[in-house]
Structures are given as structure tokens and as C-alpha cells.
Amino acid sequence: MLRNTVISKLGTLDYRVFLMLILFVLILISSVSFAMFHLLKIGARGEEIKLFRFGLQVFILLSLLVFFLVNQKIRLPKPILIFCVLMGLTIAVSVIGNPIRDYVPSLIRYLIYIGVFNLFYTIHLNRDWNHTGRIVRAFIYTGIFISLFFGFLEIATGQVEYLNEDYRVAGPFKFHQLAYAMFLFCIMISTDFIIIRKSRSVLRKIFFGILWMLMFYLFVRTGSRAMFVILFITYFVVFFFAFKSLKKRFLLITAFCIIALAGAFAILQLNISPRLKTLFVSKDVGTDSSTASRIAIHMNAFEAFKKESKVYGIGMGAFTRFYKNATGADDIAAHNNYLLFLIEGGVIGLILFLGHQIYMFKWLKKSIHSEFDSQNIVKVAFALFVGIDVLGFLQNNYYFTESEAIIWCFYGLAFAEIRKHKRVQSTSNS
């Protein structure tokens, strides 16, 4: 009944593509919400922005629910099913023993990630890149504009915040430099592989190459040392597995070493980022406030966890309250995915999370060769998985809805591409 009502309201409109477009628009609105609230002086650090962003997340989840009600099916490959089991375990523990305010925000975020995967996986599985590619490219173009406009606006107006011994740009994510760094990472990777490398026009390549370099400049100005290093390692890992010949891999290793040495020289001599420079010249890197706080979080959390259940953990979304009870410090996140899932999901949760990552790595790695991944979709997904979900495990990526939702969109597209390839192989073999 409900399914027929929704279909009749949508009429001849392709509701799947429409929801894909709506989802991207909502992600972009959420991305600029910090900056817009700050510009309008509504209190970007207060409850207003939190309420607005929570409302956006609820609306995104409702949009995904509409897709499920109309489509009435969920398609999830094994790596994603393992992640769902992990979510089921942690939410079950939370429902039994934790207040609802602990787990509802986390539950909404995780449901959004799984929902966008299902949406993009289902759509791309039944359509070619001519349909989905137009919307993806439009999203990338808009993401480039947002990243550059708000980043350089912050610099031009002299509103760059001094934080952790450096002036750090936050762009559209006002006061949240790490969120901006991860958003830039996603846009830069997708711009490179989907726009620049797939363009036939030389002028178009040059134009978007210049835009990529401008984004890279802002990426450095965020002051995120970890994300800076991760970007280069991610490119190395992606091309290392994409290249089949030993000769190409050797040339890649040589080029990577040269770039690393040149980058280190530039950081030391040009002083382009004081925080990055401390990685090379400081004898006590762990004494800066950012690193010291993360070390303290790990040590305190492990000590407090000795009193909790080691098997199934404390439940979804309970880390902040758990840490406050142990140390008195409020509003503290885990800053480590493995620590987070160990404490919230116990040993079982950590094993499930590692299983999810191992399967994701295997499925994506074996499918990134150019003769199969003609549109570089799988390469983007693999790069985002390696850079954010694996190497970026210290960055609290699951808490940053915008960048993580983008990542799961590309996961959906990539796994649909893999499934299509398997269909072709099965047909040719038969």
C-alpha cells in the first residue's frame, strides 16, 4: 500500500536517480553548514548548528528509507554484511544497557552509511555510467567550488584559526580543520581519477589540474599532518596494486622516494607548514597538545576498559560517557577506530571490524586494474578506503558524516561495478 502510494506520487520521475541527487545536495548543504552559521552569526559552536545538522541527518535517513520502501530490497555484499553484524552487536548491547541519547546519533550515522551504499549499489547495478556518472561529476564540481570558495574566503578575510601551534584553515567546516581535510581528501581523489584522468581534452586536464593544486594548497593549510602523509601513501598503494608489471612498480617506488625527499626538503626549507616541520625537526613530537591528548585518551581508555566486558563491549555510542565516567573529561572521542570498536563492541566487535576491512581490501584490490575499472570508480573507492578507513583510523572518520557518506557512495558504485564484471565473466564462460 505504502509502496504504491509513493510510486504514484513520483509518477514517471526516476525516483532512484532523484534520491541520489537529493542525497548529494544534502551532503553539500551539511558541508557548508558550519561556515554559513558562522557568517550569519547564528552561533556555529552552539546548539543551533548541532540541531540543524542532526535534522539534516534525519532527513537523509528518511530519504533512504523512502528508497527502501519503494524498492523493498537491500543488496549488501559480504564485506558490508559483516559491518552490519558489527552494528547489530553494538546496538543490541546499547539498547539493553545504555540510555537512548548515547546510541541514537551513532545509529543514525551508521544507518546513513549503509543506506547510501545500498542506494548507489542498487542504482549503478541496473544502470550504466552515463546515468550515474553525470550526477557524480556534478557533485564533484560542486565539491570543488565549495572547497575552494570557503577555503580562500577564510584566508582572505583573515579568519584562519590558530590551533595547535599553527594557523589552520577549516574552510566550509568552520573550526573543524580535520573535517575539512577529510572532505578535501575525498574531493581531490575523485577529481583526479574521475575528472582529470578520464578527460580527453588537454585543456580540461590542465584546468582541473590547476584546481586540484589549489585544493592541495588548502589541504596543506588545514595543518593535518596525518592526512598529509596519508594522501601520498594512498596514491602509492593504489598504483602499486593497479600496476601489474614489476618494472612499473619499481618505477613507482623510485618516483615515490624522489617525491618524498622533495616534499621533506620543501617542508624544512620553505616552512609551508610548521606542524609538518615538527615531524622532522622536533625531538619530542608527542609533547604537542594534539598528539599528547590522543596518547592520553588511548592510555586512559585501555585502563578503564579493564573493568568492562571484554567480549561484547559497552555498546554503540557509549564511548563518550564511558570516558567521562573514567576520567571526568567530557565530550571526548576515541580518536582510533580500532580502539572505538574494541571498547564499544568488545573482542567480538574488533574481530568483526577487522574482518570487514580485510574483505573490503581483498574485493577492491583485485578489481582496480585498468582493463576492468574503465571509469576509475573502483580506484576511487579503493583510495578512499585505504586513505580514510584504514590509514586514517586515528582521524575519527565515522563521526564525520559528510566525508564518510561520500566514501560509502563510492563503495556502492564500486561494488556494483565489480558485480557487473562478474556477470560478464559468467556470461562469457557459459
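In the predicted model, Lys420 is part of helix 16 (residues 401-429). Lys420 is buried but has no salt bridge. The Lys420 side chain instead reaches the backbone oxygen of His124 at 2.6 Å. Leaving aside residues up to four places away in sequence, Lys420 touches His124, Leu125, Arg127 and Asp128.

Six salt bridges are found in the whole structure. One of them joins Glu402 and Arg53, with closest N and O atoms 2.7 Å apart. Because Glu402 belongs to helix 16 and Arg53 to helix 3 (residues 47-71), this pair ties together parts separated by 349 residues in sequence. Both Glu402 and Arg53 are buried. Glu154 and Lys174 form another salt bridge, at 3.3 Å between the closest N and O atoms. Glu154 lies in helix 6 (residues 129-156), whereas Lys174 is in the loop between strand 2 (167-168) and helix 7 (177-196), 20 residues apart. Glu154 and Lys174 are likewise buried. A salt bridge also connects Asp330 with Lys324, at 3.9 Å from N to O; Lys324 is partly exposed, with a relative accessible area of 38%.

Helix 10 (residues 246-270) comprises 25 residues and reaches 35 Å from first to last C-alpha, close to the expected 36 Å. Its buried residues are Leu252, Ala264, Ala266 and Ile267.

Terms used: Residues numbered from 1 in each chain as written. Predicted model: local features only at pLDDT ≥ 70, side-chain atom pairs only at ≥ 80, totals over all residues. Heavy atoms only, no water. Helix = DSSP H or I, 4+ residues; strand = E, 2+ residues; numbered from the N terminus. Expected span 1.5 Å × (residues − 1). Buried < 20%, exposed > 50% of the residue type's maximum accessible area, 1.4 Å probe, protein only. Lys, Arg positive; Asp, Glu negative; His and termini not counted. Salt bridge = Lys/Arg side-chain N within 4 Å of Asp/Glu carboxyl O. Polar contact = N/O pair within 3.5 Å; in protein donor to acceptor, adjacent residues only side chain to side chain. Contact = heavy atoms within 4.5 Å.
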